[in-house]
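Please keep the sequence and the model open side by side while reading these notes. The points below go feature by feature.

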Amino acid sequence: MKVGVIDSGLSNLGSVLRWLKNDYDNLIIINSVVSLKEYDLIVFPGVGSFDSVMIFLKETNLLDELKNYINDGGGYFGICLGFQILFNSSDEGRLPGLGIFDADINKLNLEKNILIPHVGFNEVILDEIEFLKVLNNKSFYFTHSFGLTTTNNLSAENLGYTMYDGLKIYSIINYKKIIGCQFHPEKSSKFG
């Protein structure tokens, strides 16, 4: 299996590569435009800011390549910010996201007066995602101030969530060959 790992220059690339090396031998770091069609899976690690990542994708000509790859059914795994860019926009920035899913990323304390960032281990509830049921009610490591709190027309069978101080945050999505998670599996011990 050929796995491409996006290096935006902002991410926790080292941690993600060490984590992926447990299961994959053929890891290729991508930091400039290449044809993604030859890859079985693209992993987008996430640390940084929404606009910085979108600028990186545009300046390296990876923006359209990545959108086309995902829309054509390519395998994609987005972690934290790599999850957030799948949506239309984020309160963190002004630039549009990839728009794969019709929803927006919100600042977490807009709805309730909660402490941000949300940092630490928290439980992920996967009531309806059969493919990932083994992860149901397990705890994963989070560190973020923005998240998916409204879903528009996304189906519950594609989403898992986490409760943080009374706020429901959608923390994982699985749709076709796309998996995105708000948490950091590479920092989440055995369940990651």
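1. **Pocket lining.** This is a predicted model. Start with the second largest pocket. Its lining consists of Gly46, Val47, Gly48, Cys80, Leu81, Gln84, Glu92, Thr143, His144, Ser145, Phe146 and His184. Sorted by class, that lining has seven polar, four nonpolar and one charged residues. Two elements, α4 (81–84) and β8 (138–144), each contribute at least two lining residues. The space in this pocket comes to about 170 Å³.

2. Cys80 sits in the loop between β4 and α4. Is Cys80 buried or exposed? Its relative accessibility is 8%, under the 20% cut-off, so Cys80 counts as buried. Its phi is near 55 degrees, a positive value in a residue that is not glycine. Most residues other than glycine have a negative phi.

3. **Another positive phi.** Asn61 also deserves a look. Its phi is positive, about 60 degrees, and it is not a glycine. Asn61 lies in the loop between α2 and α3. Its relative accessible area is 53%, over the 50% cut-off, so Asn61 is exposed.

4. **Cis peptide.** Which residues does a cis peptide bond join? They are Ile116 and Pro117, with omega at about 5 degrees. Pro117 belongs to the loop between β6 and β7 (118–124). Most peptide bonds are trans.

5. **Largest nonpolar core.** How many residues does the largest nonpolar core have? It has 35, and Leu57, Ile85 and Phe87 have the most contacts inside it. Elements giving two or more residues to this core are β3 (41–44), α2 (50–59), α3 (63–71), α4, β6 (101–107), β10 (159–164) and β11 (167–175). The largest share, five residues, is from α2. A second core is separate and has 20 residues, among them Val5, Leu41, Cys80 and Cys181. In soluble globular proteins, nonpolar side chains tend to be buried together.

6. **Phe87 close up.** What does Phe87 touch, leaving out residues up to four places away in sequence? Its partners are Gly97, Leu98, Gly99, Phe101, Ala103, Ile105, Leu148, Leu154 and Ile173.

7. **Helix α1.** Helix α1 covers residues 13–20, and its buried residues are Leu13, Ser15, Val16, Leu17 and Leu20. These buried residues pack against β1, β2, β3 and β4 (75–79). An α-helix has 3.6 residues a turn, so residues three or four places apart point the same way.

8. **The salt bridge.** How many salt bridges does the structure hold? There is one. Glu38 pairs with Lys2, and their closest N and O atoms are 2.3 Å apart. The partners are 36 residues apart and link distant parts of the chain. Lys2 is in strand β1 (residues 2–6), while Glu38 is in the loop between β2 (26–30) and β3. Glu38 counts as partly exposed because its relative accessibility is 46%. Side chains of opposite charge can pair when their charged atoms come close.

9. **A buried serine.** Ser171 is in strand β11. Its relative accessibility is 0%, so Ser171 counts as buried. Neighbours within four places in sequence aside, Ser171 is in contact with Val124, Phe142, Gly160, Tyr161, Thr162, Gly180, Cys181, Gln182 and Phe183. Cys181 is also one of the residues of the second core.

10. **A serine in a loop.** Ser155 is in the loop between β9 (146–147) and β10. Ser155 has a relative accessible area of 29% and is therefore partly exposed. Ser155 and Tyr175 are 20 residues apart in sequence, and their C-alpha atoms are 9.6 Å apart in space.

11. Where is Asp91 found? Asp91 is in the loop between β5 (87–90) and β6. With a relative accessible area of 41%, Asp91 is partly exposed. Asp91 and Asn106 are 15 residues apart along the chain, with 5.2 Å between their C-alpha atoms.

Definitions and conventions. Residues numbered from 1 in each chain as written. Predicted model: local features only at pLDDT ≥ 70, side-chain atom pairs only at ≥ 80, totals over all residues. Heavy atoms only, no water. 1 Å grid on protein atoms, 1.4 Å probe; cavity = no way out; pocket = protein on both sides within 12 Å on 5 of 7 lines; lining within 4 Å. Points joined across faces, edges and corners; volume = space filled by probe spheres on them. Helix = DSSP H or I, 4+ residues; strand = E, 2+ residues; numbered from the N terminus. Nonpolar A, V, L, I, M, F, W, Y, C, P; charged D, E, K, R; others polar. Core = buried A, V, L, I, M, F, W, Y, C linked by side-chain atoms within 4.5 Å. Buried < 20%, exposed > 50% of the residue type's maximum accessible area, 1.4 Å probe, protein only. Contact = heavy atoms within 4.5 Å. Salt bridge = Lys/Arg side-chain N within 4 Å of Asp/Glu carboxyl O.
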